[in-house]
Amino acid sequence: MMEYKYRTYREHFKTGRWKKFTLKYKETDVWIGVDKASYRPDMPGYCQELICRLRTSMENYIATDPHYLTALEPYDAGESAPEILKQMSAAARRTGIGPMSAVAGAVAFYIVEALKEKYRIREGIVENGGDIYADIQEDIDVAVFAGTSPLSEKVGLHIDAGEAPLGICTSSGTVGPSLSFGKADAVMIVCKDVLLADSYATRFANLIREPKDIPPILEEIRTNQDILSAMVIQGNKMGVVGKFEIRLFN
């Protein structure tokens, strides 16, 4: 499985719009964008501390309940679990897979919400391992990173800010370190709830093993009321459903 170490897809975010910074802590590697008028110099330090606190609280609980980390089916966090793990369990109950499928989206959500509460930012966007939480006032275009597919970073979706905040999450069976049972180069899912978007992206990526799997998966996605839009890529084959327009990138 190919690792997307250099994360070139981040270059598609318009640099003139955002004051942006990246942070790393253990496996967490996030790109954070804030509208320039809202940016404050202490934001990176604040977000770094927040990520450390989130990771520590999750790790401390999982040390007492290790099955939470490895569960491949819905699994409820215990009463003593931090709220983020309970929210991930709630998303997994809806999507039908393990709660860790929502972890990247959950962390992205917590970062943006914390920035809104502390700094009253106008716009915030966080990308965490290909999973995006966007609380925006103006439209954005999001390219899909799909590994060695010829469509990688050439196609994406135009995201209407009127639908924000949104989760725009991508899972793959051929790219990155996350567990997947499928062979999709990319499954992008857009939901109002970023935890659901993250978990659904994993679920549907698990089900794509060859190009003929794309049409029935798209039909299932079409009937899912949680999902606003989706894009599925395997090799040179692609399918799109939902309310957001497709975009082509150079």
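Analyst: **Strand pairing and burial**

Within β11, isoleucine 246 is the bridge partner of leucine 157. The model is a predicted one, in which local features need pLDDT of at least 70 and side-chain atom pairs count only at pLDDT 80 or more, while totals for chains, interfaces and linings use all residues. Residues are numbered from 1 along each chain as its sequence is written, and side-chain values use heavy atoms, with hydrogens and water left out.

The pairing of β6 with β11 is antiparallel and has four bridges; strands pair here if DSSP finds at least two bridges between them. Strands (E, at least two residues) and helices (H or I, at least four) are DSSP runs numbered from the N terminus. On β6 (residues 155-159), five of five residues are buried, and the strand is mostly covered. Buried stands for under 20% relative accessible area, exposed for over 50%, and partly exposed for values in between, with a 1.4 Å probe and protein chains only. Strand β5 (residues 140-143) also pairs with β6, in the antiparallel sense and over four bridges, and isoleucine 140 has isoleucine 159 of β6 as its bridge partner.

Isoleucine 246 also belongs to a nonpolar surface patch of about 350 Å², together with Met238, Val240 and Leu248. Such patches join residues with over 30% relative accessible area and no salt bridge, nonpolar side chains (Val, Leu, Ile, Met, Phe, Trp, Tyr) within 5 Å and like charges within 9 Å. The areas come from the Shrake-Rupley method with a 1.4 Å probe; for residues, only the protein chains shown count as cover. The elements giving two or more residues to the nonpolar patch are β10 (237-242) and β11 (245-248). Leucine 248 lies in β11 and, at 70% relative accessibility, counts as exposed.

Strand β1 (residues 18-25) pairs with β2 in the antiparallel sense over eight bridges, and aspartate 35 of β2 is the bridge partner of tryptophan 18. These two strands form a hairpin with two residues between them, and lysine 26 in the turn has a positive phi of about 55 degrees. Strand β3 (residues 124-128) runs antiparallel to β2 and is joined to it by five bridges; there, glycine 124 is the bridge partner of valine 34.

In soluble globular proteins, nonpolar side chains tend to be buried together. A nonpolar core is taken as a set of buried Ala, Val, Leu, Ile, Met, Phe, Trp, Tyr and Cys residues joined through side-chain atoms within 4.5 Å. The largest nonpolar core has 56 residues, of which Ile32, Leu85, Met88, Ile111, Leu115 and Ile189 touch the most other members. Helix α1 (residues 43-64) gives the largest share of this core, nine residues. Another core, of 25 residues, lies apart from it and has Trp18, Ala134, Ile136 and Ala161 among its members. Leaving aside neighbours within four places in sequence, isoleucine 111 is in contact (heavy atoms within 4.5 Å) with Val30, Ile32, Cys47, Leu50, Ile51 and Val126.

A salt bridge is a side-chain nitrogen of Lys or Arg within 4 Å of a carboxyl oxygen of Asp or Glu, and the count comes to 17. Arginine 55 is buried, with a relative accessible area of 13%, whereas glutamate 59 is partly exposed at 28%.

Arginine 94 forms a salt bridge with aspartate 226, with the closest N and O atoms 2.7 Å apart. Because arginine 94 lies in helix α3 (residues 83-95) and aspartate 226 in the loop between α6 (214-222) and β9 (227-234), the pair ties together parts that are 132 residues apart in sequence. Arginine 94 is exposed at 53% relative accessible area, while aspartate 226 counts as buried at 17%.
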